[in-house]
Amino acid sequence: MNKDTRFNVNLLNNLKAIVYTEYGGPEVLQFKEVEKPLPKDDEVLVRVHAVSINDWDWGLLHGDFINRILNGISKPKRKILGSDIAGRIEVIGKNVTRFKVGDEVYGDLSGQWGGFAEYVCASEKALALKPSRMSYVDAAAIPQAAMLAVQGLIDKGKIREGQTLLINGAGGGVGSYGIQIAKLYGVEVTGVDNTGKLDLMRSLGFDHVIDYTREDFTKNGKQYDLILDVKTNRSVFDYLRALNPNGTYATVGGSLARLLQILLIGPMVSLFSKKKLLIVALKTNKDLEYMNELFEAGKIKSVIHGPFPLYELPQAMKIFGKGEHRGKVVVTM
Ligand SMILES: NC(=O)c1ccc[n+]([C@@H]2O[C@H](COP(=O)([O-])OP(=O)(O)OC[C@H]3O[C@@H](n4cnc5c(N)ncnc54)[C@H](OP(=O)(O)O)[C@@H]3O)[C@@H](O)[C@H]2O)c1
């Protein structure tokens with residue numbers, strides 16, 4: 001074996017990834033070469049073409065209390081983040097039945113992570129086939145944000161024609177899918193976000209927009225049949241005030257203290273009023289087939305910030321952390 005061949009063999013077993021070995025901000029993320037993983041019997045090896053950034057990646061990067069319990073108290077056990085991936089299957093484990101080599105797939109690998117890399121091993125249960133007309137970039141944007149929108153609006157919120165809906169934190173991932181899903185039900189939708197995102201929100205179909213830096217939607221006297229909240233940062237009493245007498249408030253995330261308040265007070269509210277306060281617990285990948293149907297019918301599109309090359313992922317993460325993104329931040333490799 002000559003020198004050049006050895007070099008090539010080595011490259012085949014390695015891959016480029018964004019790695020972190022300590023908790024911190026985007027500056028602790030390093031662009032590195034690491035060993036290519038091998039799939040277990042019920043896993044596939046995916047050549048990742050695109051990955052999107054989620055709030056959970058941000059939490060795991062910084063290592064807040066709950067994420068340290070999940071990924072190591074003093075330093076991260078899993079060193080490559082990234083859950084929402086789209087790519088092509090290169091190797092299948094011997095017990096894999098749903099996929100074959102060459103299939104184009106996407107899904108949310110939360111709990112396993114590893115998507116900020118050129119290759120990742122994934123349980124076959126975490127993946128769905130990607131329609132051929134859906135790009136890898138569009139597909140990588142979908143899993144967490146679209147599942148939260150579907151499960152918040154349809155499963156928990158029981159959205160119905162003729163309702164009024166408000167989405168709080170509407171200019172990011174969940175909001176950009178939420179508005180498109182809501183419009184399929186013929187509802188009147190108000191979106192709340194900062195000044196810089198209002199034009200995008202109008203272009204996505206929001207009937208009304210509110211700039212949260214200038215107006216508090218819980219104090220302007222308006223009431224809604226359904227509120228989907230991405231940012232829960234107010235007291236339950238504020239949200240109750242903004243609901244119609246039969247209204248439902250469903251939150252997908254926000255301040256831990258506020259979410260605990262909803263968990264404790266929500267059931268009591270239902271005892272003496274018809275208003276509902278609900279928390280959406282993400283069922284990962286449950287509705288990917290539904291998203292495929294909507295995409296193929298031309299009823300849904302992904303709103304992309306980027307895409308950024310893999311080596312610029314720390315920069316993309318900074319943009320995400322500052323809330324400067326519109327829709328989903330996507331990285332390609
Ligand atoms: N329930 C579950 O099981 C589960 C699982 C995974 C994730 N999550 C949660 O799901 C959410 C992810 O949502 P996403 O992907 O849509 O996030 P995102 O892309 O970051 O969008 C959030 C939007 O809210 C805006 N915002 C910030 N502060 C606001 C305020 N006070 N009022 C109104 N809007 C505000 C942000 O803009 P600016 O910051 O620029 O103002 C941003 O446009 C997170 O809360 C995450 O924790 C839940």
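Which residues does Asp 103 touch, not counting residues up to four places away in sequence?

## Asp 103

The structure is a predicted model. In it, Asp 103 touches Gly 87, Arg 88, Ile 89, Arg 98 and Leu 129, once residues up to four places away in sequence are set aside. Asp 103 sits in the loop between strand 4 (84–92) and strand 5.

Is Asp 103 buried or exposed? Its relative accessibility is 10%, and buried means under 20%, so Asp 103 counts as buried. Its side chain also makes a polar contact, at 2.9 Å, with the side chain of Lys 100.

## Aromatic pairs

The model has five aromatic pairs. One of them joins Trp 56 and Trp 113 in an edge-to-face arrangement, with 5.4 Å from centre to centre and 90° between the planes. This pair links distant parts of the chain: Trp 56 belongs to helix 2 (residues 55–62), while Trp 113 is in the loop between strand 5 (104–108) and strand 6 (119–123), and the two are 57 residues apart. Trp 56 is partly exposed, at 31% relative accessibility, whereas Trp 113 is buried, at 5%.

Tyr 239 and Tyr 249 make a stacked pair, with ring centres 4.3 Å apart and 25° between the planes. Tyr 239 is in helix 8 (residues 236–241) and Tyr 249 is in strand 12 (residues 243–251), so this pair ties together parts that are ten residues apart in sequence. Tyr 239 is buried, with 0% relative accessibility, and Tyr 249 is buried with a relative accessible area of 0%. Together with Phe 217, Tyr 239 and Tyr 249 form one aromatic cluster.

## Lysines over rings

Two tyrosine rings have a lysine over the face. Lys 36 lies over the face of Tyr 119, 4.2 Å from the ring centre. Lys 130 is placed over the face of Tyr 136, at 4.8 Å from the ring centre.

## The nonpolar cores

Which residues of the largest nonpolar core touch the most other members? They are Tyr 106, Leu 165, Tyr 177 and Met 291, in a core of 46 residues. Several elements each supply at least two residues of this core: helix 4 (136–141), helix 5 (143–156), strand 8 (164–168), helix 6 (173–184), helix 7 (198–204), strand 11 (224–229) and helix 10 (288–296). Helix 5 gives the largest share, seven residues.

The contacts of Tyr 177 can be followed residue by residue. Leaving aside neighbours within four places in sequence, Tyr 177 is in contact with Asp 138, Ala 141, Ile 142, Ala 145, Ala 146, Ala 149, Met 291, Ile 300, Lys 301, Ser 302 and Lys 328.

## Helix 11

Which residues of helix 11 (residues 313–321) are buried? They are Leu 313, Pro 314, Ala 316, Met 317, Ile 319 and Phe 320. An α-helix has 3.6 residues a turn, so residues three or four places apart point the same way.

The buried residues of helix 11 pack against strand 1 (14–19), helix 2, strand 14 (304–309) and strand 15 (328–332). Just after this helix, Gly 323 takes a positive phi of about 75°.

Definitions and conventions: Residues are numbered from 1 along each chain as its sequence is written. This is a predicted model: local features need pLDDT of at least 70, side-chain atom pairs count only at pLDDT 80 or more; totals for chains, interfaces and linings use all residues. Side-chain values use heavy atoms; hydrogens and water are left out. Rings of Phe, Tyr and Trp (its six-membered ring) pair if their centres lie within 6.5 Å; planes under 30 degrees apart count as stacked, over 60 as edge-to-face and the rest as tilted. Helices (H or I, at least four residues) and strands (E, at least two) are DSSP runs, numbered from the N terminus. Buried means under 20% relative accessible area, exposed over 50%, partly exposed in between (1.4 Å probe, protein chains only). A charge sits over a ring if NZ of Lys or CZ of Arg is within 6 Å of the ring centre and within 35 degrees of the ring normal. A nonpolar core is a set of buried Ala, Val, Leu, Ile, Met, Phe, Trp, Tyr and Cys residues joined through side-chain atoms within 4.5 Å. Contact means heavy atoms within 4.5 Å. A polar contact is a pair of N or O atoms within 3.5 Å; within protein, one must be able to donate a hydrogen and the other to accept it, and residues adjacent in sequence count only if both atoms are side-chain atoms.
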